[in-house]
Amino acid sequence: MDNTFGIFLKEKRQQNGLSLRALGKYVELSHIYLYNIESGKKAPPSDDVIKRLANALNLDEKSRLLFFDMAAQCKSSIDSNNYYLPVDISQYLNENEDAINVIREANKKEQHNSFWNDLLKEIKK
């Protein structure tokens with residue numbers, strides 16, 4: 001099992017000077033469950049818990065996005081029959097039906113990286 005999420009979680013927890021018990025108390029999870037995630041014995045938790053962990057760890061924007069991406073990648077490596085999106089993307093899509101429609105239309109027209117790169121450049125203007 002890919003354990004980059006668990007390793008990153010442990011690293012950030014330790015950087016914040018938090019014990020497993022302290023972090024568990026903050027996010028309302030048992031320290032044993034957190035230990036099992038960190039050690040790769042358990043998959044990343046639900047999106048809600050991932051967001052609570054990111055908040056508890058005071059992750060900067062770059063680390064927060066990396067944390068979300070790693071959680072989705074780890075879940076996908078465990079369960080290849082389903083697709084997992086990073087929590088911030090999943091939340092955005094759930095709140096913005098137009099974004100879903102744009103992605104579906106792009107998929108129908110088989111748009112590739114150049115389309116998405118151009119769109120990203122336009123958005124960043």
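Among contacts in the chain (heavy atoms within 4.5 Å) between residues at least 6 apart in sequence, 56% join residues at least 24 apart. This is a predicted model, where local features need pLDDT of at least 70, side-chain atom pairs count only at pLDDT 80 or more, and totals for chains, interfaces and linings use all residues. Residues are numbered from 1 along each chain as its sequence is written, and side-chain values use heavy atoms, with hydrogens and water left out.

Next, the elements. Along the principal axes, the C-alpha atoms fill a box of roughly 50 × 35 × 25 Å.

Now the surface. Of the 125 residues, 34% count as buried, meaning under 20% relative accessible area, with exposed over 50% and partly exposed in between (1.4 Å probe, protein chains only). The chain exposes about 8,600 Å², by the Shrake-Rupley method with a 1.4 Å probe. Carbon and sulfur atoms supply 49% of that area.

On charge, there are 18 positive and 18 negative side chains, counting Lys and Arg as positive and Asp and Glu as negative, without His and the chain ends. The centres of the two sets lie 7 Å apart, each charge being placed at NZ of Lys, CZ of Arg, CG of Asp or CD of Glu.

Where is the largest pocket lined? Its lining includes L85, I89, L93, W116 and N117. The elements giving two or more residues to this lining are α6 (87-95), α7 (97-108) and α8 (113-124), and α8 gives the most, with 5 residues. A pocket, on a 1 Å grid over the protein atoms alone, is an open set of points where a 1.4 Å probe fits, with protein on both sides within 12 Å along at least five of seven lines; lining residues have an atom within 4 Å of a point. About 340 Å³ of space lies in the largest pocket, the volume being the space filled by probe spheres set on the points.

Last, two loop residues. Most residues other than glycine have a negative phi. E28, in the loop between α2 (20-27) and α3 (31-38), has a positive phi near 65 degrees. E28 counts as exposed, at 68% relative accessibility. E110 sits in the loop between α7 and α8, with a positive phi near 55 degrees. At 58% relative accessibility, E110 counts as exposed too.

Note on methods
Helices (H or I, at least four residues) and strands (E, at least two) are DSSP runs, numbered from the N terminus.
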